[in-house]
Amino acid sequence: METATLENILEEHPLFRGMKEQHLRTLVESSTVVRFEPGDVIFEEGEPAHHSYLIRTGRVVLQLVSYRVEPFTLMTLEEGDIIGWSWLFPPYRWKFTAKALDVTRAISLDGRSVCAKCDEDHDLGYELMKRFAQIIENRVEALSVHLVAVEK
Amino acid sequence: METLQGVLGAHPFFNDMPTQHIETVTGCVSNVRFKAGDAIFREGEEADHFYLIRDGKVALRIHSERRGPLTILTLSAGDILGWSWLFPPYRWKFSARAIEDTRAFAADGKCLREKAEHDHDLGYELLKRFAHVVEERLEATRLQLLNVYQDQ
């Protein structure tokens, strides 16, 4: 019962739209439902990265932290957005800090488990990497626009 | 004489990729040269290739309404240029210009996409690598942003 519900939740998230049922079923095994209160730090820059978060409701700010300046909010993410993929690449640490603005409900994907499933099933791996690559690409574009806007 | 496949296989992008995949990719690749000052591609144009830089130097630029072209990154030997052919709308988000005489491998994006769609083992290997390259670009942009904020 719980599993079926989670599968439906996954299916509704834009990251998984159009994904084959068998792949969704596999990914359910790596997924849990999580909830954050306003002000909660979801992850912190520099910490080891183990999960991705698919936002279902609520808002999350992505911040750039440095020892010389105040945390700087780069963008606000909301329903349908995804945060975190640093578990995919060395050094497997967060590059940003994510903080919940509202009560935020999300699906947490276990990176190690997802990687193992992708290595086992390259059809799934191909589908998922295509989707992650595109999301990362969108983030590069957003950050570049940001950079152009702030550079003097 | 070195074969194209041999030279490609030695590029860091193809580290640990099974030989049969490198062989398949080689079928989509040709040798190209750019003179200093040549435009390799322009923002907004159809994106149909990616480039593995062998030697020389390339400036990646984004257009700023306020300040005209702004160089966001300089690429050199071993770097990868261009992945917009991977995602709709298949158009360049940046412009690239050779700032020195540059030799590169140019891979036909459509050819690669078709081969990846046909063979998901290859597709997974390729997309994992591209996701990583895009992520490295994200990291470079993040560091630039950090610099800008620290200077202010």
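How many bridges join E1(A) to strand E8 of chain A, and do the two run parallel or antiparallel?

1. The model is predicted. In it, six bridges join E1(A) to strand E8 (residues 104–110) of chain A. The two strands run antiparallel. Across this pairing, A:Arg35 stands opposite A:Arg105 in E8(A).

2. The sheet is open and has four strands. Its order in chain A is E1-E8-E3-E6, with antiparallel pairing. Strand E1 (31–36) and strand E6 (82–83) of chain A are the edge strands. Each of these pairs on one side only.

3. A helix covers part of this sheet: H3 (residues 111–120) of chain A packs on it. Helix H3 touches strand E3 (51–57) and E8 of chain A. The direction of H3 makes about 50° with that of E8(A).

4. Now the contact between the chains. Chain A gives 30 residues and chain B gives 30 residues. On the side of chain A that touches chain B, helix H4 (residues 122–150) of chain A supplies the largest share, 20 residues. By type, that side of chain A holds 16 nonpolar, six polar and eight charged residues.

5. Next, the nonpolar core. The largest one has 77 residues. Those with the most contacts inside it are A:Phe132, A:Ala133, A:Ile136 and B:Ala131. H4(A) again gives the largest share, here 10 residues of this core.

6. A:Ile136 deserves a look of its own. Leaving aside residues up to four places away in sequence, A:Ile136 touches A:Trp85 in chain A. Its partners in chain B are B:Ala131, B:Val134, B:Glu135 and B:Leu138. One of these, B:Ala131, is also among the core residues with the most contacts.

Terms used: Residues numbered from 1 in each chain as written. Chains lettered and ligands numbered in written order. Predicted model: local features only at pLDDT ≥ 70, side-chain atom pairs only at ≥ 80, totals over all residues. Contact = placed C-beta atoms within 7 Å. Nonpolar A, V, L, I, M, F, W, Y, C, P; charged D, E, K, R; others polar. Core = buried A, V, L, I, M, F, W, Y, C linked by C-beta atoms within 7 Å. Buried ≥ 20, exposed ≤ 12 C-beta atoms within 10 Å, placed from the backbone. Pairing = 2+ DSSP bridges. Axes fitted to C-alpha atoms, helices over the stretch in contact; angles between N-to-C directions.
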